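Colleague: I am new to reading protein models, and I would like to know where the words come from. Could we go through this one together?

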Amino acid sequence: MDFIYPARCPICDKIVMPKGEQICVGCREKLPYIKQPCCKQCGKEILREEEEYCYDCQKTRHFYTEGRALFSYNEAMKKSIEAFKYKNRQEYARFYGKELAAAYQKQIKRWEAEAIIPVPIHKSRYLERGYNQAALIAYSLAEYTGLYVEEKFLFRAKKTKAQKALGTKDRLKNLQDAFHLKKSMVQYKKIILVDDIYTTGSTADACATVLKKGGVEQIYLLCLCIGSGI
(Lines give C-alpha, C1' and ligand atoms only; values in the text may rest on other atoms or scores of the structure.)
Protein backbone atom coordinates (compact mmCIF):
# COMPACT_ATOMS: atom_id res chain seq x y z
CA MET A 1 0.00 0.00 0.00
CA ASP A 2 2.88 2.39 0.78
CA PHE A 3 4.27 1.71 -2.70
CA ILE A 4 0.93 2.37 -4.44
CA TYR A 5 -0.24 5.15 -2.11
CA PRO A 6 2.89 6.53 -0.40
CA ALA A 7 2.25 8.41 2.83
CA ARG A 8 2.37 12.18 2.61
CA CYS A 9 3.75 14.41 5.33
CA PRO A 10 0.97 16.20 7.28
CA ILE A 11 3.03 19.40 7.29
CA CYS A 12 4.69 19.77 3.85
CA ASP A 13 2.42 17.27 2.01
CA LYS A 14 5.41 15.71 0.24
CA ILE A 15 5.94 11.94 0.13
CA VAL A 16 7.50 10.94 3.46
CA MET A 17 11.00 9.56 3.37
CA PRO A 18 12.11 7.10 4.57
CA LYS A 19 9.14 4.82 3.96
CA GLY A 20 7.28 3.69 7.03
CA GLU A 21 7.43 7.09 8.70
CA GLN A 22 4.40 9.38 9.01
CA ILE A 23 6.15 12.76 8.93
CA CYS A 24 9.37 14.19 7.48
CA VAL A 25 12.25 14.47 9.96
CA GLY A 26 12.62 18.19 9.27
CA CYS A 27 8.90 18.85 9.57
CA ARG A 28 8.68 17.08 12.93
CA GLU A 29 11.09 19.66 14.31
CA LYS A 30 8.69 22.42 13.24
CA LEU A 31 5.62 21.02 15.04
CA PRO A 32 4.17 23.58 17.49
CA TYR A 33 3.57 21.28 20.45
CA ILE A 34 1.74 22.85 23.38
CA LYS A 35 4.19 23.84 26.11
CA GLN A 36 3.77 24.65 29.76
CA PRO A 37 2.36 26.72 31.30
CA CYS A 38 -1.06 25.97 29.89
CA CYS A 39 -4.62 26.59 31.02
CA LYS A 40 -5.92 23.99 33.50
CA GLN A 41 -9.34 24.07 31.85
CA CYS A 42 -8.85 24.09 28.07
CA GLY A 43 -5.11 23.47 27.67
CA LYS A 44 -4.17 26.71 25.86
CA GLU A 45 -0.64 27.98 26.35
CA ILE A 46 -0.61 31.03 28.61
CA LEU A 47 2.07 33.68 28.89
CA ARG A 48 1.91 34.42 32.61
CA GLU A 49 3.16 31.55 34.79
CA GLU A 50 1.26 32.87 37.79
CA GLU A 51 -2.06 32.35 36.01
CA GLU A 52 -3.81 28.97 36.16
CA TYR A 53 -6.44 29.71 33.53
CA CYS A 54 -6.40 31.54 30.19
CA TYR A 55 -8.36 34.75 29.73
CA ASP A 56 -11.30 32.99 28.04
CA CYS A 57 -11.65 30.36 30.76
CA GLN A 58 -11.41 32.94 33.53
CA LYS A 59 -14.58 34.59 32.28
CA THR A 60 -16.45 31.59 30.86
CA ARG A 61 -18.20 28.73 32.60
CA HIS A 62 -17.49 25.61 30.58
CA PHE A 63 -19.65 22.48 30.64
CA TYR A 64 -16.89 20.03 29.79
CA THR A 65 -14.71 18.86 32.67
CA GLU A 66 -11.19 19.38 31.36
CA GLY A 67 -9.48 19.67 28.00
CA ARG A 68 -6.09 19.30 26.37
CA ALA A 69 -4.73 20.02 22.89
CA LEU A 70 -1.67 18.80 21.03
CA PHE A 71 -0.57 21.75 18.88
CA SER A 72 -0.87 25.52 18.78
CA TYR A 73 -2.92 26.62 15.79
CA ASN A 74 -0.18 28.31 13.77
CA GLU A 75 0.09 28.77 10.00
CA ALA A 76 1.65 25.33 9.45
CA MET A 77 -1.13 23.56 11.32
CA LYS A 78 -3.76 25.67 9.59
CA LYS A 79 -2.52 24.40 6.20
CA SER A 80 -2.29 20.84 7.52
CA ILE A 81 -5.87 20.80 8.81
CA GLU A 82 -7.22 22.46 5.66
CA ALA A 83 -5.65 19.69 3.56
CA PHE A 84 -6.95 17.08 6.00
CA LYS A 85 -10.53 18.40 5.88
CA TYR A 86 -10.91 19.74 2.37
CA LYS A 87 -8.31 17.97 0.19
CA ASN A 88 -9.02 14.38 1.23
CA ARG A 89 -5.76 13.88 3.15
CA GLN A 90 -7.44 11.34 5.41
CA GLU A 91 -4.13 9.58 6.04
CA TYR A 92 -3.03 12.51 8.24
CA ALA A 93 -5.36 11.15 10.93
CA ARG A 94 -2.99 8.24 11.59
CA PHE A 95 -0.26 10.66 12.62
CA TYR A 96 -2.59 12.96 14.56
CA GLY A 97 -4.06 10.13 16.65
CA LYS A 98 -0.70 8.55 17.36
CA GLU A 99 0.75 11.86 18.54
CA LEU A 100 -2.27 12.61 20.76
CA ALA A 101 -1.98 9.20 22.38
CA ALA A 102 1.75 9.60 22.96
CA ALA A 103 1.48 13.10 24.39
CA TYR A 104 -1.47 12.44 26.71
CA GLN A 105 -1.27 8.77 27.60
CA LYS A 106 -0.97 9.55 31.34
CA GLN A 107 -3.81 12.08 31.14
CA ILE A 108 -6.07 9.63 29.31
CA LYS A 109 -5.35 6.94 31.89
CA ARG A 110 -6.12 9.36 34.75
CA TRP A 111 -9.43 10.34 33.15
CA GLU A 112 -10.59 6.69 33.16
CA ALA A 113 -12.86 7.33 30.17
CA GLU A 114 -15.09 4.54 28.90
CA ALA A 115 -15.41 5.72 25.30
CA ILE A 116 -14.31 8.31 22.75
CA ILE A 117 -16.94 10.44 21.02
CA PRO A 118 -15.97 12.53 17.97
CA VAL A 119 -17.70 15.88 17.50
CA PRO A 120 -20.22 15.10 14.71
CA ILE A 121 -20.63 17.04 11.48
CA HIS A 122 -23.96 17.62 9.73
CA LYS A 123 -25.02 14.92 7.26
CA SER A 124 -24.89 17.40 4.37
CA ARG A 125 -21.23 18.16 5.10
CA TYR A 126 -20.54 14.47 5.44
CA LEU A 127 -22.00 13.88 1.98
CA GLU A 128 -19.87 16.69 0.55
CA ARG A 129 -16.64 15.63 2.25
CA GLY A 130 -17.15 11.90 2.55
CA TYR A 131 -15.84 11.68 6.12
CA ASN A 132 -15.89 13.35 9.52
CA GLN A 133 -12.37 14.58 10.31
CA ALA A 134 -12.94 14.37 14.09
CA ALA A 135 -14.05 10.74 13.73
CA LEU A 136 -10.87 9.85 11.81
CA ILE A 137 -8.77 11.31 14.61
CA ALA A 138 -10.90 9.49 17.19
CA TYR A 139 -10.44 6.09 15.53
CA SER A 140 -6.70 6.64 15.23
CA LEU A 141 -6.54 7.63 18.91
CA ALA A 142 -8.55 4.53 19.80
CA GLU A 143 -6.05 2.34 17.95
CA TYR A 144 -3.29 3.49 20.31
CA THR A 145 -5.31 3.65 23.55
CA GLY A 146 -7.64 0.67 23.27
CA LEU A 147 -10.70 2.83 23.92
CA TYR A 148 -13.98 2.33 22.06
CA VAL A 149 -15.25 4.96 19.61
CA GLU A 150 -18.96 5.67 20.03
CA GLU A 151 -20.62 7.40 17.08
CA LYS A 152 -24.22 6.25 17.25
CA PHE A 153 -25.51 8.51 20.05
CA LEU A 154 -24.51 12.13 19.41
CA PHE A 155 -25.45 13.76 16.10
CA ARG A 156 -25.55 17.21 14.55
CA ALA A 157 -29.13 18.15 13.74
CA LYS A 158 -28.48 21.65 12.41
CA LYS A 159 -26.11 22.76 9.67
CA THR A 160 -24.21 25.57 11.38
CA LYS A 161 -22.05 28.35 10.01
CA ALA A 162 -18.27 28.19 10.38
CA GLN A 163 -17.48 29.18 13.98
CA LYS A 164 -14.22 30.97 13.11
CA ALA A 165 -16.13 33.73 11.32
CA LEU A 166 -18.39 34.51 14.30
CA GLY A 167 -18.12 36.47 17.54
CA THR A 168 -18.75 34.94 20.96
CA LYS A 169 -22.50 35.65 21.12
CA ASP A 170 -23.05 34.56 17.51
CA ARG A 171 -21.13 31.33 18.15
CA LEU A 172 -23.49 30.43 20.97
CA LYS A 173 -26.54 31.30 18.88
CA ASN A 174 -25.13 29.37 15.93
CA LEU A 175 -24.81 26.20 18.04
CA GLN A 176 -28.14 26.48 19.82
CA ASP A 177 -29.98 23.15 19.41
CA ALA A 178 -27.28 22.01 16.98
CA PHE A 179 -26.55 18.71 18.76
CA HIS A 180 -28.94 15.98 19.86
CA LEU A 181 -28.82 12.47 21.28
CA LYS A 182 -30.48 9.54 19.55
CA LYS A 183 -30.96 7.81 22.89
CA SER A 184 -29.81 7.88 26.51
CA MET A 185 -26.12 7.43 27.23
CA VAL A 186 -26.44 6.35 30.86
CA GLN A 187 -24.10 3.39 30.23
CA TYR A 188 -21.23 5.90 29.93
CA LYS A 189 -20.22 8.02 32.91
CA LYS A 190 -16.92 9.33 31.57
CA ILE A 191 -16.12 10.02 27.92
CA ILE A 192 -13.47 11.79 25.84
CA LEU A 193 -14.81 14.22 23.25
CA VAL A 194 -12.48 14.60 20.23
CA ASP A 195 -12.31 17.51 17.78
CA ASP A 196 -9.80 19.00 15.37
CA ILE A 197 -9.72 22.67 16.45
CA TYR A 198 -10.58 24.46 19.72
CA THR A 199 -11.14 28.21 19.73
CA THR A 200 -13.47 29.44 22.50
CA GLY A 201 -14.93 26.10 23.52
CA SER A 202 -18.46 26.82 22.26
CA THR A 203 -18.69 23.56 20.29
CA ALA A 204 -17.32 21.48 23.16
CA ASP A 205 -19.75 23.11 25.60
CA ALA A 206 -22.71 22.55 23.29
CA CYS A 207 -21.82 18.85 22.99
CA ALA A 208 -21.13 18.52 26.72
CA THR A 209 -24.48 20.06 27.64
CA VAL A 210 -26.35 17.50 25.55
CA LEU A 211 -24.21 14.60 26.75
CA LYS A 212 -24.80 15.50 30.39
CA LYS A 213 -28.54 15.54 29.79
CA GLY A 214 -28.13 12.02 28.43
CA GLY A 215 -26.46 10.78 31.61
CA VAL A 216 -22.73 11.34 31.08
CA GLU A 217 -21.13 12.79 34.20
CA GLN A 218 -17.61 13.70 33.08
CA ILE A 219 -16.76 15.00 29.59
CA TYR A 220 -13.06 15.35 28.85
CA LEU A 221 -11.77 16.98 25.69
CA LEU A 222 -8.88 16.21 23.36
CA CYS A 223 -8.26 18.50 20.39
CA LEU A 224 -5.61 18.45 17.73
CA CYS A 225 -5.08 22.23 17.72
CA ILE A 226 -5.94 25.15 19.94
CA GLY A 227 -5.60 28.93 19.61
CA SER A 228 -3.21 30.96 21.71
CA GLY A 229 -4.11 32.22 25.17
CA ILE A 230 -3.03 35.22 27.25
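Modeller: Gladly! Let's begin with the names: helices are DSSP runs of H or I with at least four residues, strands are E runs with at least two, and both are numbered from the N terminus. Please keep in mind that this is a predicted model. By that naming, the protein chain has nine helices and six strands. Asp 13, for example, sits in the segment before α1.

Colleague: What makes the phi of Asp 13 worth a look?

Modeller: Its phi is near 70°, which is a positive value in a residue other than glycine. Asn 88 gives another such case, with phi near 60°. You will find Asn 88 in the loop between α3 (75-86) and α4 (92-103).

Colleague: Why does Asp 13 count as partly exposed?

Modeller: Set the value against the cut-offs: buried is under 20% relative accessible area, exposed is over 50%, and partly exposed is in between. Asp 13 has 25% relative accessibility, so it counts as partly exposed. Asn 88 stands at 45%, so the label for Asn 88 is partly exposed too.

Colleague: And why is Cys 38 counted as buried?

Modeller: The relative accessibility of Cys 38 is 13%, and buried means under 20%, so the label follows. Cys 38 lies in the loop between α1 and α2. Leaving out residues up to four places away in sequence, Cys 38 touches Gly 43, Lys 44, Glu 45, Ile 46 and Glu 52. From Cys 38 to Glu 51 there are 13 residues in sequence and 8.9 Å in space, C-alpha to C-alpha.

Colleague: What kind of peptide bond runs from Gln 36 to Pro 37?

Modeller: That bond is cis, and its omega is near 0°. Pro 37 belongs to the loop between α1 (25-28) and α2 (55-59).

Colleague: What do the buried residues of α3 pack against?

Modeller: Met 77, Ser 80, Ile 81, Ala 83, Phe 84 and Lys 85 are the buried residues of α3. Their partners are β1 (66-72), α4, α6 (123-129), α7 (133-145), β5 (190-198) and β6.

Colleague: How do you know that α9 is mostly covered?

Modeller: Nine of the twelve residues in α9 are buried, among them Ser 202, Asp 205, Cys 207 and Leu 211. Helix α9 (residues 202-213) reaches 17 Å from its first C-alpha to its last, close to the 16 Å expected at 1.5 Å a residue. Just after α9, Gly 215 takes a positive phi of about 115°.

Colleague: Which members of the largest nonpolar core touch the most other members?

Modeller: They are Ile 192, Leu 193, Leu 222 and Leu 224, in a core of 66 residues. Strand β6 (residues 218-226) gives the largest share, eight residues. Beyond its neighbours within four places in sequence, Leu 222 has contacts including Arg 68, Leu 100, Trp 111, Ile 192 and Asp 195. In soluble globular proteins, nonpolar side chains tend to be buried together.

Colleague: Why is Ile 117 called buried?

Modeller: Ile 117 has a relative accessible area of 2%, and the cut-off for buried is under 20%, so the word applies. Ile 117 is in strand β2 (residues 115-118). The C-alpha atoms of Ile 117 and Ile 219 are separated by 9.7 Å, though the two residues are 102 apart along the chain. For the chain of 230 residues, 49% count as buried.

Definitions and conventions:
Residues numbered from 1 in each chain as written. Predicted model: local features only at pLDDT ≥ 70, side-chain atom pairs only at ≥ 80, totals over all residues. Heavy atoms only, no water. Core = buried A, V, L, I, M, F, W, Y, C linked by side-chain atoms within 4.5 Å. Buried < 20%, exposed > 50% of the residue type's maximum accessible area, 1.4 Å probe, protein only. Contact = heavy atoms within 4.5 Å. Expected span 1.5 Å × (residues − 1).
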